[in-house]
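Student: Could you take me through one part of this protein slowly? I would like to look closely at how charged side chains pair up.

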Amino acid sequence: MCGIAGIFDCAGKRPIDRAVLERMNASQHHRGPDEGGVHVESGVGLAHRRLSIIDLSTGHQPLFNEDGSVAVVFNGEIYNYVELRAELQKRAH
């Protein structure tokens, strides 16, 4: 079971304290001992702990879109990934 954490400033004016976010992430190491990642930008900080079950070599989080303008962390498996992958490849993703 993976773990996620985050800090969100609704006004988007305060800087996110990366050290606090990293401590939050470290506190859930037991939920995802295989890997951890953080992403900090103005108004938001995302953190993820990973437990590798199916996708052992990729699947690092936070995940980003092609140009890096969107970041996401999530917990769970995408069970129809084969179909989704084919559809996304047709769209040049």
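Tutor: Happy to! Please keep in mind that this is a predicted model. Arg18 and Glu22 are separated by about one helical turn, because they are four residues apart in helix α1, which covers residues 18-26. The two form a salt bridge, and their closest N and O atoms are 3.0 Å apart.

Arg18 has a relative accessible area of 39%, which makes it partly exposed. Glu22 is partly exposed too, at 38%. Partly exposed is the class between buried, under 20%, and exposed, over 50%.

The whole structure holds four salt bridges. One of them brings together the side chains of Arg50 and Glu35, with 3.2 Å from N to O. Arg50 is buried, with a relative accessibility of 8%, whereas Glu35 is partly exposed at 22%.

Another salt bridge joins the side chains of Arg91 and Glu87, at 3.3 Å from N to O. Arg91 is exposed, with 56% relative accessibility, while Glu87 is partly exposed at 39%.

The protein chain contains two helices and five strands. Read from the N terminus, the order of its elements is β-α-β-β-β-β-α. The C-alpha trace spans about 40 × 30 × 15 Å along its principal axes. Of the 93 residues in the chain, 25% are buried, and Arg50 is one of the buried ones. Among contacts with a separation of 6 or more, 46% are between residues 24 or more positions apart.

What about charge over the chain as a whole? There are 10 positive and 12 negative side chains, and the centres of these two sets lie 3 Å apart.

The accessible surface of the chain is about 6600 Å², and carbon and sulfur atoms account for 57% of that. A nonpolar surface patch is formed by Ile53, Ile54, Ile78, Tyr81, Val82, Leu84 and Leu88, which together have about 660 Å² of accessible area. Val82, one of its members, lies in helix α2, residues 81-90. This residue is exposed, with a relative accessible area of 55%.

One last stop is in the backbone. Most peptide bonds are trans. Gln61 and Pro62, however, are joined by a cis peptide bond, with omega at about 0°. You can find Pro62 in the loop between β3 and β4, where β4 covers residues 63-64.

Notes. Residues are numbered from 1 along each chain as its sequence is written. This is a predicted model: local features need pLDDT of at least 70, side-chain atom pairs count only at pLDDT 80 or more; totals for chains, interfaces and linings use all residues. Side-chain values use heavy atoms; hydrogens and water are left out. Buried means under 20% relative accessible area, exposed over 50%, partly exposed in between (1.4 Å probe, protein chains only). Contact means heavy atoms within 4.5 Å. Accessible areas come from the Shrake-Rupley method with a 1.4 Å probe; for residues, only the protein chains shown count as cover. Lys and Arg count as positive and Asp and Glu as negative; His and the chain ends are not counted. The place of a charge is taken as NZ of Lys, CZ of Arg, CG of Asp or CD of Glu. Patches are made of residues with over 30% relative accessible area and no salt bridge: like charges are joined within 9 Å, nonpolar side chains (Val, Leu, Ile, Met, Phe, Trp, Tyr) within 5 Å.
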